[in-house]
Amino acid sequence: MDVEQILEDTYRAVRPLIGSGAVAEYIPRLAAVNPDQFGMAVVMNDGREFQVGDSLVPFSVQSMSKVLSLVLVLADHGEDIWRRVGREPSGAAFNSLTQLEYSRGIPRNPFVNAGALVVTDQLLTTKRQMSDFPVEQNPILDFVRQESGNPAIGLDSLVARSEAEHSDRNAAIAHLLSSFGNLQNPVDEVLEQYFEQCAISMNCRDVAVAVSFLARGGIRHDGTQLLSLSEVKRVNSVMLTSGFYDAAGEFAYRVGLPGKSGVGGGILAIVPGHCSICVWAPGLNASGNSLVGVAALDEFTTRTGWSIF
Ligand SMILES: NC(=O)CC[C@H](N)C(=O)O
(Lines give C-alpha, C1' and ligand atoms only; values in the text may rest on other atoms or scores of the structure.)
Protein backbone atom coordinates (compact mmCIF):
# COMPACT_ATOMS: atom_id res chain seq x y z
CA MET A 1 0.00 0.00 0.00
CA ASP A 2 1.28 3.47 -0.89
CA VAL A 3 0.82 5.16 2.49
CA GLU A 4 2.56 8.32 1.33
CA GLN A 5 0.12 8.74 -1.55
CA ILE A 6 -2.89 8.01 0.67
CA LEU A 7 -1.69 10.62 3.15
CA GLU A 8 -1.37 13.17 0.32
CA ASP A 9 -4.86 12.25 -0.92
CA THR A 10 -6.20 12.64 2.61
CA TYR A 11 -4.62 16.07 2.87
CA ARG A 12 -6.14 17.10 -0.46
CA ALA A 13 -9.57 15.81 0.59
CA VAL A 14 -9.69 17.77 3.85
CA ARG A 15 -8.01 20.93 2.54
CA PRO A 16 -11.34 22.77 1.97
CA LEU A 17 -12.19 22.19 5.64
CA ILE A 18 -8.93 23.51 7.08
CA GLY A 19 -9.62 26.46 9.36
CA SER A 20 -13.09 25.28 10.35
CA GLY A 21 -14.17 24.53 13.89
CA ALA A 22 -13.56 26.76 16.90
CA VAL A 23 -10.31 27.01 18.83
CA ALA A 24 -10.66 26.39 22.57
CA GLU A 25 -11.76 29.73 24.01
CA TYR A 26 -11.59 28.81 27.68
CA ILE A 27 -7.78 28.65 27.67
CA PRO A 28 -6.85 32.13 26.33
CA ARG A 29 -3.41 31.07 25.14
CA LEU A 30 -4.99 28.34 22.97
CA ALA A 31 -7.60 30.78 21.67
CA ALA A 32 -4.72 32.71 20.07
CA VAL A 33 -3.56 29.80 17.89
CA ASN A 34 -3.97 30.28 14.12
CA PRO A 35 -6.73 27.80 13.09
CA ASP A 36 -5.48 27.57 9.47
CA GLN A 37 -3.05 24.76 10.20
CA PHE A 38 -3.11 21.04 9.57
CA GLY A 39 -0.52 18.32 10.04
CA MET A 40 -0.54 14.56 10.07
CA ALA A 41 2.09 11.88 10.72
CA VAL A 42 2.00 8.10 10.45
CA VAL A 43 4.69 5.93 12.06
CA MET A 44 4.70 2.33 10.89
CA ASN A 45 5.79 -0.49 13.19
CA ASP A 46 8.63 -1.23 10.77
CA GLY A 47 10.01 2.28 11.42
CA ARG A 48 8.87 4.05 8.26
CA GLU A 49 7.50 7.56 8.87
CA PHE A 50 5.11 9.53 6.67
CA GLN A 51 4.06 13.14 7.13
CA VAL A 52 2.03 15.89 5.47
CA GLY A 53 1.33 19.56 6.13
CA ASP A 54 2.35 21.20 9.41
CA SER A 55 3.49 17.91 10.92
CA LEU A 56 6.56 19.49 12.52
CA VAL A 57 4.80 22.48 14.10
CA PRO A 58 4.52 22.06 17.90
CA PHE A 59 1.08 22.37 19.49
CA SER A 60 -0.36 21.88 22.95
CA VAL A 61 -1.00 18.19 23.53
CA GLN A 62 -3.63 18.84 26.24
CA SER A 63 -5.74 15.72 26.90
CA MET A 64 -3.64 13.45 24.71
CA SER A 65 -1.29 13.46 27.72
CA LYS A 66 -3.99 11.59 29.67
CA VAL A 67 -3.06 8.43 27.80
CA LEU A 68 0.56 8.67 28.88
CA SER A 69 -0.24 9.40 32.52
CA LEU A 70 -2.48 6.32 32.58
CA VAL A 71 0.21 4.23 30.89
CA LEU A 72 2.90 5.32 33.37
CA VAL A 73 0.62 4.60 36.33
CA LEU A 74 -0.32 1.17 34.96
CA ALA A 75 3.35 0.40 34.30
CA ASP A 76 4.24 1.30 37.91
CA HIS A 77 1.19 0.07 39.80
CA GLY A 78 -0.70 -2.32 37.59
CA GLU A 79 -4.42 -2.63 38.13
CA ASP A 80 -4.67 -0.76 41.45
CA ILE A 81 -5.70 2.47 39.77
CA TRP A 82 -9.03 0.92 38.73
CA ARG A 83 -10.15 1.07 42.36
CA ARG A 84 -10.12 4.86 42.06
CA VAL A 85 -11.37 5.37 38.51
CA GLY A 86 -13.86 3.52 36.31
CA ARG A 87 -13.61 2.53 32.66
CA GLU A 88 -17.04 3.27 31.28
CA PRO A 89 -17.75 5.88 28.63
CA SER A 90 -19.08 9.06 30.18
CA GLY A 91 -21.45 10.27 27.47
CA ALA A 92 -20.75 13.70 28.93
CA ALA A 93 -18.40 16.61 28.29
CA PHE A 94 -14.74 16.22 29.29
CA ASN A 95 -15.08 18.69 32.14
CA SER A 96 -18.46 17.57 33.47
CA LEU A 97 -18.98 17.68 37.24
CA THR A 98 -22.40 16.10 37.60
CA GLN A 99 -21.47 12.42 37.23
CA LEU A 100 -18.81 12.71 39.88
CA GLU A 101 -21.33 13.54 42.58
CA TYR A 102 -23.55 10.60 41.62
CA SER A 103 -20.62 8.17 41.52
CA ARG A 104 -19.39 9.39 44.92
CA GLY A 105 -16.04 10.63 43.66
CA ILE A 106 -15.15 7.74 41.35
CA PRO A 107 -14.75 9.24 37.85
CA ARG A 108 -16.29 7.37 34.93
CA ASN A 109 -12.97 6.83 33.15
CA PRO A 110 -9.35 8.08 33.12
CA PHE A 111 -9.83 10.27 30.05
CA VAL A 112 -12.40 12.75 31.36
CA ASN A 113 -10.80 15.50 33.43
CA ALA A 114 -11.98 14.03 36.75
CA GLY A 115 -10.40 10.66 35.95
CA ALA A 116 -7.21 12.24 34.66
CA LEU A 117 -6.87 14.24 37.87
CA VAL A 118 -7.02 10.99 39.86
CA VAL A 119 -4.40 9.38 37.61
CA THR A 120 -2.20 12.47 37.90
CA ASP A 121 -2.57 12.32 41.68
CA GLN A 122 -1.31 8.72 41.60
CA LEU A 123 1.59 9.74 39.38
CA LEU A 124 2.49 12.49 41.86
CA THR A 125 2.43 10.03 44.77
CA THR A 126 4.71 7.63 42.88
CA LYS A 127 7.07 10.44 41.94
CA ARG A 128 7.35 11.45 45.60
CA GLN A 129 8.07 7.88 46.64
CA MET A 130 10.99 7.65 44.23
CA SER A 131 13.83 9.33 46.06
CA ASP A 132 15.97 9.55 42.93
CA PHE A 133 13.29 11.37 40.90
CA PRO A 134 13.66 15.18 41.05
CA VAL A 135 10.32 16.62 42.19
CA GLU A 136 10.44 19.44 39.64
CA GLN A 137 10.79 16.95 36.79
CA ASN A 138 7.68 15.93 34.85
CA PRO A 139 7.56 12.14 34.22
CA ILE A 140 5.45 12.53 31.08
CA LEU A 141 7.82 15.10 29.62
CA ASP A 142 10.75 12.79 30.37
CA PHE A 143 8.97 9.91 28.72
CA VAL A 144 8.05 11.71 25.49
CA ARG A 145 11.56 13.14 25.14
CA GLN A 146 13.11 9.70 25.46
CA GLU A 147 10.59 7.91 23.31
CA SER A 148 10.55 10.39 20.43
CA GLY A 149 14.30 10.94 20.64
CA ASN A 150 13.70 14.70 20.79
CA PRO A 151 15.18 16.28 23.95
CA ALA A 152 13.92 19.70 22.83
CA ILE A 153 10.28 18.87 23.64
CA GLY A 154 9.16 21.28 26.36
CA LEU A 155 6.29 22.74 28.30
CA ASP A 156 4.59 25.90 27.14
CA SER A 157 4.54 27.66 30.50
CA LEU A 158 2.19 30.33 29.13
CA VAL A 159 -0.39 27.63 28.35
CA ALA A 160 0.05 26.14 31.83
CA ARG A 161 -0.33 29.57 33.41
CA SER A 162 -3.28 30.43 31.21
CA GLU A 163 -4.99 27.26 32.37
CA ALA A 164 -4.14 27.87 36.02
CA GLU A 165 -5.62 31.36 35.76
CA HIS A 166 -8.87 29.99 34.31
CA SER A 167 -9.10 26.86 36.39
CA ASP A 168 -12.40 27.25 38.24
CA ARG A 169 -13.92 24.16 36.67
CA ASN A 170 -10.93 21.84 37.05
CA ALA A 171 -10.43 23.13 40.60
CA ALA A 172 -14.09 22.38 41.37
CA ILE A 173 -13.62 18.83 40.06
CA ALA A 174 -10.45 18.35 42.10
CA HIS A 175 -12.10 19.64 45.29
CA LEU A 176 -15.05 17.32 44.76
CA LEU A 177 -12.65 14.38 44.28
CA SER A 178 -10.84 15.39 47.44
CA SER A 179 -14.10 15.69 49.39
CA PHE A 180 -14.77 12.03 48.54
CA GLY A 181 -11.25 11.08 49.66
CA ASN A 182 -10.10 10.26 46.11
CA LEU A 183 -7.01 12.49 46.07
CA GLN A 184 -3.85 11.66 48.01
CA ASN A 185 -2.10 14.97 47.40
CA PRO A 186 -3.20 18.59 47.96
CA VAL A 187 -5.62 19.89 45.31
CA ASP A 188 -3.29 22.72 44.22
CA GLU A 189 -0.39 20.36 43.63
CA VAL A 190 -2.47 17.91 41.61
CA LEU A 191 -3.83 20.76 39.48
CA GLU A 192 -0.36 22.19 38.89
CA GLN A 193 0.98 18.81 37.77
CA TYR A 194 -2.08 18.27 35.54
CA PHE A 195 -1.80 21.69 33.85
CA GLU A 196 1.89 21.05 33.24
CA GLN A 197 1.30 17.75 31.51
CA CYS A 198 -1.48 19.28 29.37
CA ALA A 199 0.88 22.15 28.41
CA ILE A 200 3.51 19.91 26.82
CA SER A 201 4.14 21.10 23.26
CA MET A 202 4.83 18.47 20.62
CA ASN A 203 4.52 18.11 16.87
CA CYS A 204 2.58 15.36 15.07
CA ARG A 205 5.70 13.38 14.20
CA ASP A 206 6.96 13.30 17.78
CA VAL A 207 3.53 12.34 19.17
CA ALA A 208 3.16 9.49 16.68
CA VAL A 209 6.64 8.18 17.53
CA ALA A 210 6.13 8.59 21.30
CA VAL A 211 2.91 6.53 21.35
CA SER A 212 3.98 3.86 18.89
CA PHE A 213 4.54 1.38 21.74
CA LEU A 214 0.73 1.16 21.82
CA ALA A 215 0.80 -0.21 18.27
CA ARG A 216 3.75 -2.47 19.04
CA GLY A 217 2.42 -4.56 21.90
CA GLY A 218 3.89 -2.31 24.60
CA ILE A 219 7.50 -2.36 23.34
CA ARG A 220 9.41 0.90 23.59
CA HIS A 221 11.94 2.12 21.03
CA ASP A 222 14.81 0.87 23.22
CA GLY A 223 13.33 -2.65 23.04
CA THR A 224 12.10 -2.74 26.64
CA GLN A 225 8.55 -3.83 27.43
CA LEU A 226 6.61 -0.94 29.02
CA LEU A 227 3.22 -2.66 29.11
CA SER A 228 2.23 -6.27 28.61
CA LEU A 229 0.21 -7.23 25.55
CA SER A 230 -2.86 -7.49 27.71
CA GLU A 231 -2.28 -4.05 29.30
CA VAL A 232 -1.89 -2.49 25.84
CA LYS A 233 -5.17 -4.08 24.80
CA ARG A 234 -6.82 -2.53 27.85
CA VAL A 235 -5.43 0.98 27.28
CA ASN A 236 -6.46 0.84 23.63
CA SER A 237 -9.92 -0.40 24.65
CA VAL A 238 -10.43 2.49 27.05
CA MET A 239 -9.32 4.90 24.32
CA LEU A 240 -11.88 3.41 21.97
CA THR A 241 -14.75 3.72 24.44
CA SER A 242 -13.74 6.95 26.20
CA GLY A 243 -11.14 8.80 24.15
CA PHE A 244 -13.58 11.31 22.66
CA TYR A 245 -15.92 12.11 25.55
CA ASP A 246 -19.53 12.24 24.38
CA ALA A 247 -18.41 11.67 20.76
CA ALA A 248 -16.67 8.30 21.30
CA GLY A 249 -19.42 6.54 19.35
CA GLU A 250 -19.15 8.98 16.47
CA PHE A 251 -15.36 8.54 16.32
CA ALA A 252 -15.63 4.74 16.41
CA TYR A 253 -18.24 4.92 13.66
CA ARG A 254 -16.25 7.21 11.40
CA VAL A 255 -12.68 6.09 12.13
CA GLY A 256 -12.86 2.69 13.81
CA LEU A 257 -9.66 3.06 15.84
CA PRO A 258 -8.71 3.65 19.46
CA GLY A 259 -7.60 7.22 19.91
CA LYS A 260 -7.43 10.27 22.12
CA SER A 261 -8.07 13.91 21.40
CA GLY A 262 -6.95 17.12 23.10
CA VAL A 263 -8.42 20.64 23.04
CA GLY A 264 -5.21 21.82 21.38
CA GLY A 265 -6.65 20.16 18.26
CA GLY A 266 -4.47 17.04 18.29
CA ILE A 267 -5.71 13.48 17.93
CA LEU A 268 -3.60 10.35 18.33
CA ALA A 269 -4.87 7.06 16.94
CA ILE A 270 -3.52 3.53 17.05
CA VAL A 271 -3.76 0.74 14.47
CA PRO A 272 -2.72 -2.16 16.73
CA GLY A 273 0.11 -4.22 15.28
CA HIS A 274 0.52 -1.78 12.44
CA CYS A 275 1.11 1.93 13.06
CA SER A 276 0.47 5.00 15.18
CA ILE A 277 -1.00 8.22 13.81
CA CYS A 278 -1.18 11.82 14.98
CA VAL A 279 -3.22 14.51 13.28
CA TRP A 280 -3.50 18.15 14.29
CA ALA A 281 -5.85 20.96 13.27
CA PRO A 282 -6.72 23.51 15.98
CA GLY A 283 -10.45 24.08 15.25
CA LEU A 284 -12.72 21.92 17.43
CA ASN A 285 -16.21 20.54 16.93
CA ALA A 286 -18.95 20.86 19.56
CA SER A 287 -17.58 17.89 21.52
CA GLY A 288 -14.11 19.45 21.82
CA ASN A 289 -12.46 17.18 19.24
CA SER A 290 -10.52 18.49 16.23
CA LEU A 291 -13.06 18.90 13.45
CA VAL A 292 -10.59 18.52 10.58
CA GLY A 293 -8.61 15.90 12.52
CA VAL A 294 -11.62 13.60 12.73
CA ALA A 295 -12.39 14.20 9.04
CA ALA A 296 -8.78 13.37 8.08
CA LEU A 297 -8.76 10.14 10.08
CA ASP A 298 -12.10 9.23 8.54
CA GLU A 299 -10.61 9.76 5.05
CA PHE A 300 -7.38 7.96 5.91
CA THR A 301 -8.98 4.85 7.41
CA THR A 302 -11.54 4.70 4.61
CA ARG A 303 -8.80 4.86 1.97
CA THR A 304 -6.44 2.39 3.71
CA GLY A 305 -9.14 0.11 5.07
CA TRP A 306 -7.26 0.14 8.39
CA SER A 307 -9.50 -0.21 11.40
CA ILE A 308 -9.88 -2.59 14.30
CA PHE A 309 -13.22 -3.75 12.92
N1 LIG B 1 -10.02 17.96 26.48
C2 LIG B 1 -8.91 18.52 26.85
O3 LIG B 1 -7.92 18.53 26.15
C4 LIG B 1 -8.97 19.22 28.17
C5 LIG B 1 -7.64 19.52 28.75
C6 LIG B 1 -7.58 20.85 29.43
N7 LIG B 1 -6.25 21.05 29.94
C8 LIG B 1 -8.57 20.94 30.55
O9 LIG B 1 -8.33 20.42 31.59
O10 LIG B 1 -9.60 21.53 30.46
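Helices (H or I, at least four residues) and strands (E, at least two) are DSSP runs, numbered from the N terminus. The model is predicted; local features need pLDDT of at least 70, side-chain atom pairs count only at pLDDT 80 or more, and totals for chains, interfaces and linings use all residues. Residues are numbered from 1 along each chain as its sequence is written.

Q: Where is Tyr245 found, and why is Tyr245 called buried or exposed?
A: Tyr245 is found in the loop between helix H11 (229-242) and helix H12 (248-254). A residue is buried if 20 or more other C-beta atoms lie within 10 Å of its own, exposed if 12 or fewer, and partly exposed in between, with C-beta atoms placed from the backbone. Tyr245 has 24 other C-beta atoms within 10 Å and is therefore buried. Its phi is positive, about 55°, although Tyr245 is not a glycine.

Q: What makes Arg104 buried or exposed?
A: Arg104 has 10 other C-beta atoms within 10 Å, so this residue is exposed. Arg104 is placed in the loop between helix H4 (98-102) and H5. Although not a glycine, Arg104 has a positive phi of about 50°.

Q: How do you know which residues make the contact between H5 and H8?
A: Helix H5 (residues 113-129) and helix H8 (residues 168-179) pack at about 60°, with their axes 10 Å apart; axes are lines fitted to C-alpha atoms over the stretch in contact, and angles run from 0 to 180 degrees between N-to-C directions. Two residues are in contact if their C-beta atoms, placed from the backbone, lie within 7 Å. On the H5 side the contact is made by Asn113, Ala114, Leu117 and Val118, and on the H8 side by Asn170, Ile173, Ala174 and Leu177. By class, six of these residues are nonpolar, two are polar and none is charged; Ala, Val, Leu, Ile, Met, Phe, Trp, Tyr, Cys and Pro count as nonpolar, Asp, Glu, Lys and Arg as charged, and the others, Gly among them, as polar.

Q: What divides the residues of the shell around the ligand by class?
A: A residue is near a molecule if its C-beta atom, placed from the backbone, lies within 6 Å of it. The residues surrounding the ligand include Asn113, Glu163, Asn170 and Cys198. The shell divides into three nonpolar, seven polar and one charged.

Q: Why is strand E8 described as largely enclosed?
A: Six of the six residues of strand E8 (residues 275-280) are buried, so the strand is largely enclosed by the rest of the structure. Cys275, Ile277 and Val279 point one way, while Ser276, Cys278 and Trp280 point the other way.

Q: How do you know that E8 is paired with E1 and E7?
A: Two strands pair if DSSP finds at least two bridges between them. Strand E1 (residues 39-44) joins E8 over six bridges in the antiparallel sense, and Met44 has Cys275 as its bridge partner in E8. Strand E7 (residues 266-271) is also antiparallel to E8, over six bridges, with Ile267 opposite Val279.

Q: Why do E3 and E4 stand at the edges?
A: Three strands form an open antiparallel sheet in the order E3-E5-E4. Strand E3 (59-60) and strand E4 (154-155) each have a single partner strand, so one side of each is left without a neighbour in the sheet.
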